Amino acid sequence: MYVYLMLIVGTILGAFGGFFFKKCTNAGTIKGIIFSPFLYLGGMLYLVSAILNIIVLRYLPYSVTLPLTSITYIWSMIISYLFLKEKITKTKFVAIVFILGGAVFLGL
């Protein structure tokens, strides 16, 4: 049970890592991006996410772990909707349903 919780936390952290990478691009220039704290926050979140993924791989088979990490796409879509005001289209919603269905199927 804890291993699935670690997987979920890792996917959330990975999604926020991508979000902060997106935020650092608002700096405009390469120099601005390099000095943006969002770049380093995103990198740290990705690193923690990768470490959690490695720990999860110790307890779950790779054939289960890798497909379950697709939950990151769902978190990314939710974060984009909440913080970047992106729209969730019907196609994206159908994709969420398929990702969740596959994750539940593999989790069982």
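## Crossing of α1 and α5

Axes here are lines fitted to C-alpha atoms, for helices over the stretch in contact, and angles run from 0 to 180 degrees between N-to-C directions. In this predicted model, the axes of α1 and α5 cross at roughly 45° and come within 8 Å. Angles under 35 degrees count as roughly parallel and those from 65 to 115 as roughly perpendicular; α1 and α5 are therefore oblique to each other. Their crossing is right-handed.

On the α1 side, the residues that meet α5 are I8, T11, I12, G14, A15, F16 and F19. Their counterparts in α5 are I71, T72, W75, S76, I79 and F83.

## Helix α1

Helix α1 has 23 residues. From its first C-alpha to its last it reaches 33 Å, close to the 33 Å expected at 1.5 Å a residue.

The buried residues of α1 are V3, L7, G10, T11, L13, G14, A15, G17, F19, F20 and C24. Their cover includes α2 (30-34), α3 (37-59), α4 and α5 (71-83).

## Nonpolar cores

The largest nonpolar core has eight residues: V3, L7, V56, L60, V64, L68, I71 and A103. A second, separate core has seven residues, among them A15, F19, L45 and I79.

Within the largest core, L60 touches V3, Y4 and T65, leaving aside residues up to four places away in sequence. I71, a member of the largest core, is also one of the α5 residues that meet α1. In the second core, A15, F19 and I79 likewise take part in the contact between α1 and α5.

Notes: Residues are numbered from 1 along each chain as its sequence is written. This is a predicted model: local features need pLDDT of at least 70, side-chain atom pairs count only at pLDDT 80 or more; totals for chains, interfaces and linings use all residues. Side-chain values use heavy atoms; hydrogens and water are left out. A nonpolar core is a set of buried Ala, Val, Leu, Ile, Met, Phe, Trp, Tyr and Cys residues joined through side-chain atoms within 4.5 Å. Buried means under 20% relative accessible area, exposed over 50%, partly exposed in between (1.4 Å probe, protein chains only). Contact means heavy atoms within 4.5 Å. Helices (H or I, at least four residues) and strands (E, at least two) are DSSP runs, numbered from the N terminus. The expected span of a helix is 1.5 Å times one less than its number of residues. Angles under 35 degrees count as roughly parallel, over 145 as roughly antiparallel, 65 to 115 as roughly perpendicular and the rest as oblique. A crossing is left-handed if the near helix is turned anticlockwise from the far one by less than a right angle, and right-handed if clockwise.
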